Amino acid sequence: MALPLPDELLKLPHKRDVSFARLTTLGIGGLCRWLFEPTTEAEAQAFVRACHREGLAFRVLGGGSNLVVLGDVEVPVLRLRLPAIAERHGAEIAAPASHGHIALAEAATREGLSGLEWASGIPGSLGGAIRMNAGAYGHEWVQVLARYRFLTPEGELIEKAPESGEFQYRTSWFSGRHVVLWAEARLVAGDSARIQAQVAEYRGRRGGSQPLSRRNAGCIFKNPPGQNAGRLIDEAGLKGLRIGDAEVSPEHGNFLVNHGHARVEDFAELMARVQARVREIHGVELEPEVEIWR
Ligand code: FAD
Ligand code: EPU
């Protein structure tokens, strides 16, 4: 049974009972009972304010590329649908949080702006990338982030420059009820051909090591300090371990893939077995890098 919601929320654009299999790259999960899709910042603010006033918990969804959903989600879920327009001002490029992350990196490349080449293979939305401080090949968002705008859990709109300590390895200071609305990257004017060559090099490396033809949520576990989760899983002999349609990728140990019809139980069991075996063999506790929604 879905939670009843107040009229002021129901006035906002929303859908009912959408499968998380369609909302996430991994393609598993139960139903999203209430999916709110504001098309303006004002609507997003009205949503957060109404939830705050009613004492209602909610969740924020981006491109669903770092999410493992293990059941139905009864609380309202906010997925921004702001106009997908990136703007360039000098060496800065800015976009609404729902802008595609790869599309933003591609826009920077087209503009001859260097600094987001590493981002060209990371799916999802710009907002999700800021929230996760996404990164690759020694780079991460905090290194280029100039300003960002967000809603507090009370619905207050704030725009600011990042401050020291707000963003760390695959995490940030936001709670699950802050909503990133917009962000601006400070890049440098570069040579288009060199930028394109760097993008191609990163994409080649990624294609050579990650199972991009299967549904997945990126790396499942964080790299423990000074170690590599993929290698630990590999050395524990876990590649190819399969439960139903959920499998430890034979290509990269830290990717668990869905062959099509993986059930949430299979996926949860596979994650737990990987953690238990790595603990047993290496004495290391693997911590999820993905967000888990139950
Ligand atoms: P979601 O998965 O939708 O959400 C992730 C978290 O962000 C959740 O907590 C959600 O509540 C929050 N969130 C989403 N949008 C907002 C918002 N607007 N405001 C506030 N919070 C928000 N990640 C890397 O860092 N490096 C990689 O190299 C990388 N490679 C990947 C490769 C593949 C093939 C895949 C599938 C994933 C990869 N990822 C990688 C993981 C993922 O793409 C990133 O974490 C991405 O930035 C998540 O963005 P998203 O919009 O999909 O977020
Ligand atoms: N390795 C193995 N076996 C494996 C996988 C990896 O031995 O099964 C070894 C590789 O041979 C290599 C080392 O581990 O020597 C590192 O592997 P890789 O270059 O694939 O990088 P990673 O540390 O596994 C991290 C990020 C990725 C990001 C890449 C590239 C984390 C958890 N993962 O992976 O990010 O794309 O570097 O920068 O930090 C993500 O966050 O979702 C993600 C995919």
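**Ground rules.** I am working with a predicted model, in which local features need pLDDT of at least 70 and side-chain atom pairs count only at pLDDT 80 or more, while totals for chains, interfaces and linings use all residues. Residues are numbered from 1 along each chain as its sequence is written, chains are lettered from A and ligands numbered from 1 in the order in which they are written, and side-chain values use heavy atoms, with hydrogens and water left out.

I looked up an open sheet of three strands and found the order 17-18-19 with antiparallel pairing (strands are DSSP runs of E of at least two residues, helices runs of H or I of at least four, numbered from the N terminus; two strands pair if DSSP finds at least two bridges between them). Strand 17 (242-243) and strand 19 (256-258) stand at the edges with a single partner strand each, so one side of each has no neighbour in the sheet. Strand 18 (residues 246-248) pairs with strand 19 over three bridges in the antiparallel sense, and I noted Glu-247 opposite Val-257 of strand 19.

**Tyr-202.** I located Tyr-202 in helix 6, and Tyr-202 is buried, with a relative accessible area of 9%. Not counting residues up to four places away in sequence, Tyr-202 touches Glu-117, Trp-118, Tyr-137 and His-139 (contact means heavy atoms within 4.5 Å).

Technical notes: Buried means under 20% relative accessible area, exposed over 50%, partly exposed in between (1.4 Å probe, protein chains only).
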